[in-house]
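Please keep the sequence and the structure in view while reading.

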Amino acid sequence: MSDIAVTAPITSFVASRRRQLVIALIVFAAIALIPRAVSDVYTMNVLILTLLFAALSQSWNILGGYCGQVSLGHALYFGIGAYATSILFVKFGIVAWGGMLFGGILSALVALALGYPCFRLKGHYFSIATIVIAEIGLLLVHNWDYGGAALGIQWPFNPDSWWTLQFARNKVPYFYFVLGLFAVTWLVTYAIVESRWGYWWRAVKDDPDAAESLGVTVFNSKMGAAAISAFFTAIGGGFYAAFVSYIDPESVMHFRFSLLMALPAVLGGVGSLWGPAVGALILIPMAELTRSYLGGTGSGLDLVIYGLLVMVVSLTQPEGIMGIFKRSAKKADAKAEA
Amino acid sequence: MSSDPIVICEKVSRRFGGLVANDSIDMTVRRGEILGLIGPNGAGKSTLFNLIAGSFPPSSGKIMFDGQDITGLPAAKLCALGIARTYQVPRSFDSMSVIENVTVGAFVRYPRMLQAREKAMAVLDYVGLASKADAAGSELTPPQKRRLEVARALATEPKLLLLDEVLTGLTPAEARAGVELIRKIRETGVTIVMVEHVMEVVMPLVDRAVVLHLGKVLAEGAPTAVVRDEKVIAAYLGDRHRAA
Ligand SMILES: Nc1ncnc2c1ncn2[C@@H]1O[C@H](COP(=O)(O)OP(=O)(O)OP(=O)(O)O)[C@@H](O)[C@H]1O
Ligand SMILES: [Mg+2]
C-alpha cells in the first residue's frame, strides 16, 4: 500500500473543493454588479424573484435533491415564514430580520413534527402527503381570523430602511438581500454536501437499507435535511412578505409556490450545487413573462407550460442541465488524460 | 483461533407470513474464524444475515454479539457496534462515486471528512479498486461492484463481516483473487461469516461450516466432514448442479 496512492487524491479533492468555492465567490461578485447596469424596475423585479427562487430551490434541493425526499408542499414553510414575519411586524413591531429568524425556526420545528410521521412513508406516498398537508395549511390560514383570514395582512408604509427591510421606491436593496440569501443557501449546501450529513443524505436517497447497514440513521438524516430545508424556505417567505408588503393565503401558500421551489432544481439538476440556480434563471423569467402575457395566475396555464418543460428535460436529461455540463467536463478530462 | 464466541444465535426464528424462513436456529460464530454458511436456494441464509445485521428483527429467539444482547437493535446501531455486511445483490449508491460510496462507511469511525476520505482511499487500495476511486458506482462491472461492497463494509472497521455470495458469478481467476482478499481480511483479526453456494470454492477457505436447509440447521462442523454428511448430500442433490 503506497502512501502516495492514498494522499494524492485527498490533496486533489481539497484543491477541487477550493476551486468550487472561488468560482462561486466570483459568480456572487459578478451578480452583485448587475444593478449598476439595470435600472428598469420591471427587470429588477424579475431579477429579485429569480434570485429568491434560486435560494428557495437551493433550500428545497437539500431535502428533495440530496436526500431524495421529494416535497411538493414547501409552500407551507414559505407561508409560515411570510405569516410569522408579517404578524410580528404588523402586530408587534418586530422588524423583518427578527420575523424571518423566528419564522425559520418555527418552520424547522413544524418540519420535524411533520417529518416524524411522514418520513415513514416511501416515495410517491411521501410526496402526496406533503401536498395534502400544505393544502390543509392553506385551508387553515384561510379561516384564521387573527392572521387576517382570506383578506391577508397589509404592511404599513414606512420610510426606506434596512432596519425594517422596507423599500418603497428603490428595489435594489432587495436585490442585495436575496443575493445574500442565495449566497448563504449555496454556501450552506456547499459546506454540508461534502460532510458526513451530505453523504448520509445521498446514501439515503440512493438506497436507504444499504445506508442503514453502513451506520446511517436514515430517519435522523431525513429529519436533519427537512429542518434545514424548511428553515431557509421560511426565511425566503419572510423576505417575500417584506418585498411585496401585502400577503394573503393564496399569494404565499398556493401550490404554485411548491412547484416553483421544486421545478428549478429538477430542471437544473437535482442534487447538484448549481442546478437550482440554473433552473431558476430559466424558469422564473419565463414564469413572469407568461404571467404578464396571460394575466395573473388564475388560468394555471403557466404551470402547465413549465411542467411540460420539466417533463421533457427529465425524460431526455434525467440529471438536468447540470448533467450536460458534468458529462462534457468528464469527456474533456478523458481527452486530456489520453 | 480461540473458541471465544462473537455471535450466539439462540432459537432464532423468522417468519414471513406463513413461511418460516429461519426456524429455531442455534448457531455460534467463534471470534477470528471464517465460518461458511451454506445451503440450497431458499434455505434461509440471507434471512439469517438480515437478522444478525439488524435489517429486521427475529420473530422469536435471541442474538448475542460480542457479549451483548443485540436482538432487535437497528442496523445502524449494529454497524457502530462492529457488524458489517454485503448484499447478495450488490447495492451500490449509484449517484455517488466509488470513493464516496466507501466514505459513507468510513464516517462511522471517522466523523471528519478528510480522515474518512483517507480511510476510504486506503480501503480501496486494499481491495484493489483504487484506480476506480472516481468512477460512478453505476459504472462498475459486477465483480467490481462486489469489491465495492466489501470495501464499504471494511471501511466501517467491523469486528464481524457478513459476506453474502461475494464469490458467486465470478470467473475462476476473479474468485481466486476474492479468496485471497478474504484470507487477507481475516488475518487482520476480522471474524467472517460467508454465504456461498459453490462448495468447491468455500470449503478450502472456511474453518467451519454450518448447513441450513428449509430454515433449519442441518449440519455443522469441519468442512470436510460436512460435505460427506448424508443429510447434506441429500439436501443438495438437485440443487447442486444448478448452483455449480
Ligand atoms: N423479505 C422477505 N419477505 C418475504 N419472504 C422472504 C423475505 N426474505 C426472504 N423470504 C423468503 O424466505 C425464504 C428464505 O430466503 P433467503 O433469502 O433467506 O434464502 P437463501 O438461503 O439466502 O437463498 P438463496 O441461496 O437463493 O439466496 C425464501 O423462501 C424467501 O422467499
Ligand atoms: Mg441468499
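In this predicted model, an oxygen atom of ligand 1 is placed 2.8 Å from an N or O atom in the side chain of Lys45(B). The side chain of Ser46(B) likewise has an N or O atom 2.8 Å from an oxygen atom of ligand 1.

**Ligand 1**
- From the backbone, Gly44(B) contributes an N or O atom that lies 2.9 Å from an oxygen atom of ligand 1.
- There are 13 residues around ligand 1, and those that come nearest are Asn41(B), Lys45(B), Ser46(B), Thr47(B) and Gln88(B).

**Domains of chain B**
- Chain B is divided into domain 1, which takes in 5-82 and 159-243, and domain 2, which spans 93-157.
- Domain 1 of chain B gives 18 residues to the contact, while domain 2 of chain B gives 12 residues.
- The C-alpha centres of the two domains of chain B lie 24 Å apart.

**Interface between the domains**
- About 1,100 Å² is buried between domain 1 and domain 2 of chain B, and carbon and sulfur atoms give 65% of this area.
- Across this interface the rule finds 0 salt bridges, whereas 5 residue pairs are counted in polar contact, both residues being at pLDDT 80 or more.
- On the side of domain 1 of chain B that touches domain 2, the elements giving two or more residues are α2 (75-81), β7 (160-164) and α6 (172-187) of chain B, and the largest share, 6 residues, comes from α6(B).
- By class, that side of domain 1 of chain B has 10 nonpolar, 4 polar and 4 charged residues.

Terms used:
Residues numbered from 1 in each chain as written. Chains lettered and ligands numbered in written order. Predicted model: local features only at pLDDT ≥ 70, side-chain atom pairs only at ≥ 80, totals over all residues. Heavy atoms only, no water. Domains from an automatic or database assignment. Contact = heavy atoms within 4.5 Å. Buried area = accessible area lost by both parts, 1.4 Å probe. Salt bridge = Lys/Arg side-chain N within 4 Å of Asp/Glu carboxyl O. Polar contact = N/O pair within 3.5 Å; in protein donor to acceptor, adjacent residues only side chain to side chain. Helix = DSSP H or I, 4+ residues; strand = E, 2+ residues; numbered from the N terminus. Nonpolar A, V, L, I, M, F, W, Y, C, P; charged D, E, K, R; others polar. Near = heavy atom within 4 Å.
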